[in-house]
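Subject: Structure handover

Hello,

Here is the structure I promised you. Please open it next to this email and follow along.

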Amino acid sequence: MTDLQAVRQRISRRDFLDKPISSQQVLQINKLIENNNQLSGLELKAVFNDEETHLFPYGRFKNPKNYILMLCDKSLENYNFKIGYYGQNIMLNLVKMGFGACWAGISFSRSNFNIPKGKRLRAVMIFGYVNEEISDFEKFVTSSTVNVNHDLDYFYSSSESVPEKFIDGIKAVSLAPSAMNRQPVHFIYKDNMTFSYVEKPNSLQGIDLGIAVKHFEIGSNGEIPVKITEKQKLSPLFNNLLIFK
Ligand SMILES: Cc1cc2nc3c(=O)[nH]c(=O)nc-3n(C[C@H](O)[C@H](O)[C@H](O)COP(=O)(O)O)c2cc1C
């Protein structure tokens, strides 16, 4: 399976089979995490076959026994973006390995985790074996998030015509997970570059931004450079474009 196929296939899965992860896959996942930690400076850590389900007390997951703690040092720069970008890389690889997975930024009990001193636990990624078919439980949970189906032009602005590769990137962005399915990330195209931002980069939106940029890169096959920016910094150059649809 290619990255793009994983982007197209992925949806949040929340009903996991009560089946331990094989020791070979444990090794594979730990290696994947180690690679991403080295690239990012994050300190992500996987926990396997954990029976402590009270860590996820809000009833949004069945059998949440395998998860990745999205940990980083409190001093790490742009940690929200990095967690989103590298975390989504891990999620897509889990999809390729046949797992179901879901981000959790809200519905877990932070106080029940043993967070090392000086470290930050920003989110958790729950994963495991799943049935191919979405269960009624999952359908019920999904129905409680924002139900949106935006047109592609919701995600970007441009005063010039955009190349096909840019649209391919935006199509992948439209499939990206986001907290509460709010899809807050916006892209601006100009001179064969794209500028990407969210309104509140220090909130969970910062993670959404990293995820969306990862999807954009995959969809556009890395052919259009992405620059992360803040909305204020775009004016006056892009003033006429800043219509957050
Ligand atoms: C940063 C982030 C945090 C999230 N937190 C939660 C959460 O706490 N609980 C939950 O059930 N889903 C959570 N999700 C999953 C979103 O609800 C889901 O991605 C969104 O509804 C879109 O659905 P999809 O992933 O199936 O495309 C989170 C997603 C992201 C990206």
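**The ligand shell**

By class, the residues around the ligand are 12 nonpolar, six polar and two charged. The classes work like this: Ala, Val, Leu, Ile, Met, Phe, Trp, Tyr, Cys and Pro are nonpolar, Asp, Glu, Lys and Arg are charged, and the others, Gly among them, are polar.

Before we go on, note that this is a predicted model: local features need pLDDT of at least 70, side-chain atom pairs count only at pLDDT 80 or more, and totals for chains, interfaces and linings use all residues. Numbering starts from 1 along each chain, as its sequence is written.

Which residues come nearest to the ligand? Of the 20 around it, they are Ser-12, Gly-105, Ile-106, Pro-177 and Asn-181. A residue counts as near if its C-beta atom, placed from the backbone, lies within 6 Å of the molecule. Strand E3 (100-104) and helix H6 (204-219) are the elements that give two or more residues to this shell. H6 gives the largest share, four residues. Helices (H or I, at least four residues) and strands (E, at least two) are DSSP runs, numbered from the N terminus.

**Two domains**

The domain assignment gives domain 1 (3-141) and domain 2 (152-236). Such bounds come from an automatic or database assignment. The ligand shell draws at least three residues from each of the two domains. Taken over C-alpha atoms, the domain centres are 23 Å apart. The contact takes 18 residues from domain 1 and 19 residues from domain 2. Contact here means that two C-beta atoms, placed from the backbone, lie within 7 Å.

Now look at the side of domain 1 that touches domain 2. Helix H1 (3-9), helix H3 (79-96) and strand E4 (119-128) each supply at least two of its residues. The largest share, eight residues, comes from H3. By class, that side has eight nonpolar, six polar and four charged residues.

**Helix H3**

Is H3 mostly covered or mostly open? It is mostly covered, with 17 of its 18 residues buried. Buried means that 20 or more other C-beta atoms lie within 10 Å of the residue's own; exposed means 12 or fewer, and partly exposed is in between, with C-beta atoms placed from the backbone. The length of H3 also agrees with expectation, because 18 residues at 1.5 Å a residue should span 26 Å and the end C-alpha atoms are 25 Å apart. The expected span is 1.5 Å times one less than the number of residues. After H3 comes Gly-98, whose phi is positive, near 100°.

**The sheet E5-E6-E7-E8**

Four strands form an open sheet in that order, with mixed pairing. Strands pair if DSSP finds at least two bridges between them. The edge strands, E5 (156-157) and E8 (226-228), each pair on one side only. E5 and E6 run parallel and are joined by two bridges. E6 (residues 186-190) and E7 (residues 193-197) are antiparallel, over five bridges. Find Ile-188 in E6: Ser-157 stands opposite this residue. Ile-188 also stands opposite Phe-195 in E7. E6 is largely enclosed by the rest of the structure, because four of its five residues are buried.

Finish at His-54. This residue lies in the loop between strand E1 (45-47) and strand E2 (66-73). Why is His-54 called exposed? Because 8 other C-beta atoms lie within 10 Å. His-54 and Lys-65 are 11 residues apart in sequence and 10 Å apart in space, C-alpha to C-alpha.

Best wishes
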